[in-house]
Amino acid sequence: MRSGFLPDRIVHLHPTRLCNLACRHCYSESSPQRAAALDPVVVGDALARLRDEGYAVVSLSGGEPLLYRSLRAVVERAKELGFRVTMVSNGLLAERADSVLSLVDAVAISFDGLAGSHNEIRGRADAFERACAAVRRLAAVGRPVGAAISLTRAAIPELPDLADHLTGLGARALQIRPVARAGRARELGEATFYRPADLARLYLVSLALEQELPNVRVHCDVVPTETLWQHREAYASLLGACDGLPIHERRLSDLVNPLVVTDTGVLKPISYDFNRRFDIASLEELSSDGVRRYKKHGALEFQTLVGRTVASLQNRGDFIDWFDYCTRYSEAVGAPVSLVRA
Amino acid sequence: MHTTTASPVTTRLSQRLANFKLGDAVIASLAERVAIDGLAIGRINPCIYGICVDYFSDRLPRLDTLTAKRGVSKWEVFPYGIIDWDRFHVRVAFNVDELEGRGLAREFGH
C-alpha cells in the first residue's frame, strides 16, 4: 500500500551538514564550518529499526554526503538491511569516491541552472564544470546517474538547455523543483521565489521535456492540486482505516513518508525544516519507546495536519510542490512544542 | 476550426514555455486549459492544433467538463478495451495561438 504521494517509503538521511560549498539557497544551511556528524553505529541501529517500520529507501544528502567520514559504513549497513540507497551530491568530490559511489543504487548530482546561475548560487567559479564532469564520469562507468535540479524563478528559462546538456552527458533522470523558501534561501530576494503562474510554467516545461527527452525520466515536484486531490487515497494509510488497525499499531512508514533524519539526530516528517512541533523522536529514542510514544500522541496531531492539508487541495485549481506546501502549512500551526526529549 | 502549422511549435515546446516572453496570463490560461477534472495528464505534445494532451483515467471521462474547456479543437476517447477494461485514454487538442506566435510575433521574432 502506498504511503503518501511518494512511490517508495523513504528515509532522507542527513548525516552531516559539513559541505565544501555554502550555497546561497541551501535549505539546511550546510557549510564548511558545520563539523558535527552522526555516529555511524547509532545510525546503523536506527536504520535497522526503520527497516522494521517499513521503510525501503535511504536517500543520503547533507551537507555533502561524500564528506561524511562514515559514509561507507552507513551505506554498507543500509544495503545489508535491504534498503535501496540513493545519494544527492554536489559532484565536486566524485572523482575521489568511486568505491563508495559504486555501492549506492543511484546518484543525483545537484544543479541550479546553467553555468552562470549555478556558479553564482554555489559561490564557486568551477562548480558547474565539476558537477558536469561528475555526471559524465558516473555515466561513463555505467552508474545510474541523474540530476537534482532546483531552480530560482529567474533560472526557469535555462531549464531546457540544462536538461539537454545533462542528458548529453549521460544523466538518465531529472528531478526538477523550485527553490524552497527555507534555510539560507530565506535571505534571497523575493524575485527568487515563484508566483502561481511560475509554478504552472515549471510544470508545463517539465511535461514538454518529458516528451522531448524520451529516454530520460523527468520528474517535477510541482503538480496540479487537482491531480493530488484525485490521488488523495494515497494518504489512506495515515488518514483512513489501515487494515482496521488503530494508528498506534501501524508501522511508522504508514504514517510518515518521507521521514527525515537530521544531522542532530532528530526524526522529522516530510522535510528538513518542518515545524519542530511535529518532531517524531531522536535517533537514540528509536531503540526505546520513542516511536511507540509518537504513534500514541504525536502522530495524531500530524494526522490532523495532513488531513487539513489534503482537504485544502479541493477546488484550488493551481499548482504546488506538495512537500513544500505541507511544510509551509505546518508553520502556520502554533509554536513549536517538541516531543523530542532534551 | 483553426489549425496551426507544426513547424514553429515543434521547434522546442519546452523553450517556448520556459521563456518569460510567454506572459503569466498565457501560462495560467494554458495551465487552466490542460487541467481537466478527473483526468491525469500523461503527455503533452505539439500538434497541428497547438498542443495535444493525452490524459488517462480509470473512470469513464466526464465529457461535459471536457467540452466546457476553452480552446478545445478536438477530443478523442480511446477505451483500452480488452487490454484494460477500466482504463481510458483521452486525447484533447487545444488551440494555443500564443505558442504559434499569433499576437506575439514581434516577441518571438517571427
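Author: I shall begin with the boundary between the two chains. The model is a predicted one. Across the interface of chain B and chain A, 10 residue pairs are in polar contact, both partners having pLDDT 80 or more. Helix H2 (13-18), helix H3 (24-34) and strand E1 (40-47) of chain B each contribute at least two residues to the side that touches chain A. E1(B) gives the largest share of that side, six residues. By class, the side of chain B that touches chain A consists of 15 nonpolar, seven polar and four charged residues.

Reader: How many residues of each chain are in contact, and what area do the chains bury between them?

Author: In chain B, 26 residues are in contact with 23 residues of chain A. The two chains bury about 2,100 Å² between them, with 60% of it on carbon and sulfur atoms.

Reader: What makes the pair Asp24(B) and Arg201(A) a salt bridge?

Author: The N to O distance between their side chains is 3.2 Å. The criterion asks for a side-chain nitrogen of Lys or Arg within 4 Å of a carboxyl oxygen of Asp or Glu, so the pair qualifies. The count between chain B and chain A is four salt bridges, and over all chains the structure holds 29.

Reader: Why is the link of Cys47(B) and Cys52(B) called a disulfide?

Author: The S to S distance is 2.4 Å. The cut-off is 2.5 Å, so the two sulfur atoms meet it. The link is right-handed, with 85° about the S-S bond. Cys47(B), at 14% relative accessibility, counts as buried, and Cys52(B), at 13%, is buried too. Over all chains, the count comes to one disulfide.

Reader: Why is the salt bridge of Arg24(A) and Glu120(A) said to tie together separate parts of the sequence?

Author: Their side chains meet at 2.5 Å, N to O. Arg24(A) lies in the loop between E1 and H1 of chain A and Glu120(A) in helix H4 (residues 115-122), so the pair ties together parts that are 96 residues apart in sequence. Arg24(A) has a relative accessibility of 37% and Glu120(A) one of 49%.

Reader: What makes Asp54(B) buried while Arg91(B) is called partly exposed?

Author: These residues form a salt bridge of 2.6 Å, N to O. Arg91(B) lies in strand E4 (residues 88-95) and Asp54(B) in strand E2 (residues 50-57) of chain B, so the bridge ties together parts that are 37 residues apart in sequence. Arg91(B) has 30% relative accessibility and therefore counts as partly exposed. Asp54(B) has a relative accessible area of 2%; buried means under 20%, so it is buried.

Reader: What is noted of the backbone at Ile270(A)?

Author: Ile270(A) has a positive phi of about 70° although it is not a glycine. This residue sits in the loop between strand E10 (266-269) and strand E11 (281-282) of chain A. Its relative accessible area is 6%, so Ile270(A) is buried.

Key:
Residues are numbered from 1 along each chain as its sequence is written. Chains are lettered from A and ligands numbered from 1 in the order in which they are written. Side-chain values use heavy atoms; hydrogens and water are left out. Contact means heavy atoms within 4.5 Å. Buried area is the accessible area (1.4 Å probe) that two parts lose on being put together, summed over both. A polar contact is a pair of N or O atoms within 3.5 Å; within protein, one must be able to donate a hydrogen and the other to accept it, and residues adjacent in sequence count only if both atoms are side-chain atoms. Helices (H or I, at least four residues) and strands (E, at least two) are DSSP runs, numbered from the N terminus. Ala, Val, Leu, Ile, Met, Phe, Trp, Tyr, Cys and Pro count as nonpolar, Asp, Glu, Lys and Arg as charged, and the others, Gly among them, as polar. Buried means under 20% relative accessible area, exposed over 50%, partly exposed in between (1.4 Å probe, protein chains only).
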